[in-house]
Amino acid sequence: MIKTDFIRSVSWENNHVVILDQQKLPHTTEFLHLKEIKSVWESIHSLKVRGAPAIGIAAAFGLALWAKTFTGNSTKEFRAGLRAERDYLASARPTAVNLFWALDRVVNVVNLAETVEQAKEIVINEALLIQKEDEEVCRRIGEHGLSLLNTGDTVLTHCNAGGIATARYGTALAPFYLAKEQGIDLSVYATETRPVLQGARLTAWELQRIGVNVTLITDNMAAHVLKNKNISAVIVGTDRVAANGDVANKIGTLGLAVIAKAFNIPFYVASPLSTIDLNVLTGEDIPIEERAEEEITHWNGERVAAENINIYNPAFDVTPHHFVTGIITEKGIVTGDLQQGLTRVKTL
Ligand code: MRU
């Protein structure tokens, strides 16, 4: 088995949070040592740590940072403080449900604590467990995803749903890590992913590092590539899947799904169960983050757009379920009636 090289994007080291600054990639590999909860909030908000599962893991470690500094001896006060910090970190970004899922998991498990010392230990252990489980989950998503592909296939992906967006392996990129380990040759077209270029800066870099044959295209080349380049499938990640199978993912995903359908190319979404939000009935109810105008008006810190132009900058879009061929989860691939299938895998 070929071992694929890997960089952990979030970790808990010597009682603080260490993150790979994804805004500096690919040219600079810099790790930031976060010692205060507000630096965790800022890192999530500014996309230094990004990708749904990685955001959740970082936030859970953020709660551990806060727990460490708690000096009282009342578990009631500890819980109240933890809930307030949960709400603070939850305000960093609105779309990826893993943020809220991970924070709530930590907050809820603390109910078992009888002393503050126990509560502190429970917080850090739960955060570490969330990370460990995500690694296993992503590997299983990779195995299921790979079962859809054959040697020589070419896949198109969007944004970055790779190892650095999760604990390891990624979701949409997990099949390529596993293919590499097993000596199976696959090729990938990566869209650059405007406006902040997660495809160009992160996906192309990440796949190149592990030796996958990757070709970078601009977003507006996707239709041409899907029509002419013998693409076997589109595989993307997701920030939140609604109960009916509607999928929120990086802006531009909807366009790819529509084009894939037009050319009869299967469109798969790789999603851990933690990203499936059965509380949200349809994609209409998923909050879509709108980001700073500068992401569009500026290039490399310099203004390119004329002054006083109206800007609309949604970071995500929602692909209606009827464009989705299947959802690749750690418990298998959901196809057909997505609503029924998602409820089933969530309760397995
Ligand atoms: O704004 P980002 O970079 O956090 O958006 C990330 C995505 O849209 C990913 O595709 C999604 O979170 C899945 S990551 C495994």
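Predicted model: local features only at pLDDT ≥ 70, side-chain atom pairs only at ≥ 80, totals over all residues.
## Ground rules

Local features are given where pLDDT is at least 70, side-chain atom pairs count only at pLDDT 80 or more, and totals for chains, interfaces and linings use all residues. Residues are numbered from 1 along each chain as its sequence is written, and side-chain values use heavy atoms, with hydrogens and water left out.

## Two nonpolar cores

Let's start inside the protein. A nonpolar core here is a set of buried Ala, Val, Leu, Ile, Met, Phe, Trp, Tyr and Cys residues joined through side-chain atoms within 4.5 Å; buried means under 20% relative accessible area, exposed over 50%, and partly exposed in between, with a 1.4 Å probe and protein chains only. The largest nonpolar core has 48 residues, and Val10, Val17, Phe78 and Val123 touch the most other members. Elements giving two or more residues to this core are β1 (10-13), β2 (16-20), β3 (31-34), α1 (37-45), α2 (52-69), α3 (75-90), α4 (97-109) and α5 (116-146). Helices (H or I, at least four residues) and strands (E, at least two) are DSSP runs, numbered from the N terminus. Helix α2 gives the largest share of this core, 13 residues. Another core lies apart from it, with 26 residues that include Leu256, Ala257, Phe267 and Ile327.

Contact means heavy atoms within 4.5 Å, and beyond its neighbours within four places in sequence, Phe78 is in contact with Trp66, Ala67, Phe70, Val110, Val116, Ala119, Lys120 and Val123.

## Helix α3

An α-helix has 3.6 residues a turn, so residues three or four places apart point the same way.

The expected span is 1.5 Å times one less than the number of residues. At the start of α3, a side-chain oxygen of Ser74 comes within 3.3 Å of the backbone nitrogen of Lys76.

## The ligand site

Now for the ligand. A residue is near a molecule or strand if one of its heavy atoms lies within 4 Å of it. There are 17 residues around the ligand, and Arg50, Arg93, Asp239, Asn249 and Lys250 come nearest.

Polar contacts are pairs of N or O atoms within 3.5 Å; within protein, one must be able to donate a hydrogen and the other to accept it, and residues adjacent in sequence count only if both atoms are side-chain atoms. A polar side-chain atom of Asn249 sits 2.7 Å from a ligand oxygen. For Asp239, the distance from a side-chain N or O atom to a ligand oxygen is 2.8 Å, and for a polar side-chain atom of Gln198 it is 2.9 Å. The ligand's own accessible area is 410 Å², and the protein covers 100% of it; such areas come from the Shrake-Rupley method with a 1.4 Å probe, and for residues only the protein chains shown count as cover.

## Helix α7

Gln198 is also one of the buried residues of α7, a group that includes Arg201, Trp205 and Glu206. Nine of the 12 residues in α7 are buried, so this helix is mostly covered. Among the elements that cover them are β4 (154-157), α6 (174-181), β5 (187-191), β6 (213-217) and β9 (247-250).

Helix α7 (residues 198-209) reaches 15 Å from its first C-alpha to its last, close to the expected 16 Å. Just after α7, Gly211 takes a positive phi of about 85°.

Glu126 belongs to helix α5 and counts as buried at 11% relative accessibility. Its side chain makes a 2.7 Å polar contact with that of Arg105. Asp277, in strand β11 (residues 276-277), counts as buried at 9% relative accessibility. The side chain of Asp277 has a polar contact of 2.8 Å with the side chain of Arg240 and reaches the backbone nitrogen of Asn279 at 3.1 Å.

Tyr312 lies in the loop between β13 (302-303) and β14 (316-319), and at 58% relative accessibility Tyr312 counts as exposed. Leaving aside neighbours within four places in sequence, Tyr312 is in contact with Glu290 and Ile296.
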